[in-house]
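Let's go through them one by one and see what sits behind each.

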Amino acid sequence: MWVWIVCLLTAAPALAEPLCSKEVCDNYGYKVRISIKTALGDKAYEWNESEMFLFRATVAFAMRRYTSDETYNVSDIVVCNKTARVSFWFLVTSPANTAQLVPRGQVEAAVRLSRNRINSAFLLTDQTLQFVGILPTLAPPISYDTPPWLIVFGVVMGVVCAGIITLLLSTLLKRTRSKKNLLETEEEEDRRGSITANGRLCESLREKDPGRGHPDDVHLSKL
Amino acid sequence: MAQRRIQEDERYETEDRPKWDNKVQYLLTCVGFAVGLGNVWRFPYLCQIYGGGAFLIPYLIALVFEGLPLLYLELAIGQSLRQGSIGVWNSISPYLGGVGVASMAVSFLVGLFYNTILAWVLWYFFNSFQDPLPWSQCPLNENLTDYVEECVRGTAANYYWYRVTLNITPDISSSGSLQWWLVLSLALAWSIVYICFIRGIETVGKAVYVTATFPYLVLTIFLVRALTLPGAIDGLEYLFTPDWGVLLNPQVWLDAATQIFFSLSLAFGGLIAFASYNPRKNNCERDALLVGCINSATSLYASIPIFAILGFKATTNFNNCITSNVLKLTNEFDIAEKNITADNYDMWLKTLNTSHPDRINSLELRECNLKRFMDQSVSGTGLAFIVFTEAVIEMPASQVWAVLFFIMLFSLGLSSMFGNLEGVLTPLFDLHMVPSWVPKELFTGIICMVSFLVALIFTMGSGNYWLEIFNSYVGSVPLLIIAFFEITSVVVFYGMKRFSEDIEFMTGHRPGLFWHLCWMGVSPLMLLVVLVAYVVVQVQVQPQYPTWNPSYTLFPEAEVKPYPDWVFAICVMLSAVPVVPIPLVALYHLIRRLTHPEQHTRDEPHVSNPYDNKAFSSEPQL
């Protein structure tokens, strides 16, 4: 019996080592900050023991998913130093041996793997359910096969080029048509033999393109 | 005298000079030319830094005594002599042909960089059709572990402008390479200008129905939207609160005079060209008053939504600043969420500072001062492409506002480009420098192509620095010199008497005493004072420029570097070369007259004008 008492006495300090001491938390735990009101505004829910239970359950789920064989339970997730901010520290103990704490690296990897699931359970985001020290993975930038600006550019450039070609063609057609008309009226005048003021054809004056006038000057000088 | 003039008029009416379809087209084109990007991003800035409402006093004085007389003079001389800028001054006296050549050179050089700004506007316009807007977030670096450092240290909008759009080099000596996306945008910008100019004022006149009116529509939409944003009223208060002390600062008067001068787009030759397509009998006095007043009214009208939005942006920045400080305090002291709000932040800070000053210091709380955010005033491209784009992200339905804003900027700039290109093309066509077998469409295309190729300088890595140089050195002193020579030529060489008679014929009444006083005394004097003061101020300032240098220790602040010598030589050349034709042409004609006195009277410029002294010949001219 004395042996049992000695054993208990020697084991007691080990058991009584506070899990929530600063050194233990710094080495094995992570601080969590939850900002429900910022995330949900009017639809914010109250943070109470049931929510805390859910948190411990999701972290246990994350550990199970990460290790994929060890059966973590809610009791393996220890929560310390709760504040009104809603912030607390949590530690994970091994399911096989409650005295042994899971190293930080494993906890971080597990949380990273199931971060999305943990966030969705609480309707929060990476910023509002903050694991201090575990950086959120950045969303990859949206990449397009064709950058959208090229599409808009192509459309506008196509319209402008089509417009330029149309206008140039119509001007060309108008000019050749007026040249043809001019030649026809010239022949007509030669046949009729009329003399007009200053030796110029009145028709050709009227048919002049109201442009800057150079091409028609050339025609008139032929007379 | 008058009867002979009427006979000459009838002969000139048979000339096939292009005509405006109606008066509205002409007015819209002049208004579009005068109202440009400067009305949106220069005037509100000046209003803000020069004590708000008080700035309007020197501005309006400059408008009445300098802007309107010069505007009236250009429109009247163009309408009566019915030529582009070179032809008009040649007609008054061959010695003055250089003034027209100078106008043409300045129009060409300004057109180069102005259209590059439009290319930037187009680039942002194309990129506004995305969700989320590309300038709202920083891109990730190659490892996908963190955001790009340059972006994190500056802001996302800054990064997008300087790195993604311009890909700017750290200084002007390193040119970098041509940025292909800017080359494409520039090609499109010049294509759009070409299609509007393809048939001369026939197509320009139709295009201005849209380009000159659309900005007013968008400004109104923005006005309504902006006034509903939080913080808008603060911004407007800040803008318009007058600080009467600024009236004692001579710099304010100088800036007001230069602003009104450049805002009205005087001395480019474009206004003379536009007026030359008018019928002889047209009330150009009313036109000048209308265009001048609409231009100033537009500046005022544009500054309201701009400042409402800047006030909104400052308020947003201030709120974000407070929120981040609140978060820091809440996290540090584990206070319950939402206990510290923006309202009781100061009280909380004071109590916490007295109890835990060292922890407060270690937090590095930001100084949140609304006035300081308001003071971050920007003008020019910084306003449009950085400040405004940041503001647009915060507004709901950002893509719509971004698209509207950039289309508005493009319309404003395009209608000003019409004037620039007109100032280049009309003199060349009038002097028959284009061989007659070259159709005008081809020649316009050639000019656009040449301008596009030269403007490729601005698409290089250092392009923005070169653009600033062109903007400061070409678009300033040469214009003042040209305007001074314009007004002196009309008053001294043409004669006020002849000019008054012309105006009487065109408008139906002689110009009043006010106009006489301005043209003969006040305006040339003001121009001379402004020119001298401007040059003196420029000479005193060390020629340096702000650069975007990521390796600068104080990045993201701009590192100010001095211009290298060869660049400064180019700056001086850019100011001097456009005005050199003025003495050169005069010298050329003087030498010709002295060496061949008889030949000179016969070899008149073949664009003869009945009002020219030398045109009194006995033989009938054709």
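Q: How do you know that residues 149-173 of chain A are a "transmembrane region"?
A: That label comes from UniProt, in an unreviewed entry; its positions follow the numbering used here, feature names are shortened, and annotations may be inferred rather than shown by experiment. In this predicted model, residues 149-173 of chain A are 100% helix and 0% strand, with end C-alpha atoms 36 Å apart. Helices here are DSSP runs of H or I with at least four residues, strands are E runs of at least two, and both are numbered from the N terminus. Local features need pLDDT of at least 70, and side-chain atom pairs count only at pLDDT 80 or more.

Q: Why is Lys497(B) called exposed?
A: The cut-offs are under 20% relative accessible area for buried, over 50% for exposed and partly exposed in between (1.4 Å probe, protein chains only). Lys497(B) has 60% relative accessibility, so exposed it is. Lys497(B) belongs to helix H24 (residues 477-507) of chain B.

Q: Why does Ile57(B) count as partly exposed?
A: Ile57(B) has a relative accessible area of 34%, which therefore puts it in the partly exposed class.

Q: What makes up the nonpolar surface patch of about 640 Å²?
A: Its members include Ile57(B), Trp244(B) and Phe514(B). Helices H5 (56-81) and H25 (513-540) of chain B each give two or more residues, and H5(B) gives the most, with four. Nonpolar side chains (Val, Leu, Ile, Met, Phe, Trp, Tyr) are joined within 5 Å, if the residue has over 30% relative accessible area and no salt bridge.

Key
Residues are numbered from 1 along each chain as its sequence is written. Chains are lettered from A and ligands numbered from 1 in the order in which they are written. Side-chain values use heavy atoms; hydrogens and water are left out. Patches are made of residues with over 30% relative accessible area and no salt bridge: like charges are joined within 9 Å, nonpolar side chains (Val, Leu, Ile, Met, Phe, Trp, Tyr) within 5 Å. Accessible areas come from the Shrake-Rupley method with a 1.4 Å probe; for residues, only the protein chains shown count as cover. A salt bridge is a side-chain nitrogen of Lys or Arg within 4 Å of a carboxyl oxygen of Asp or Glu.
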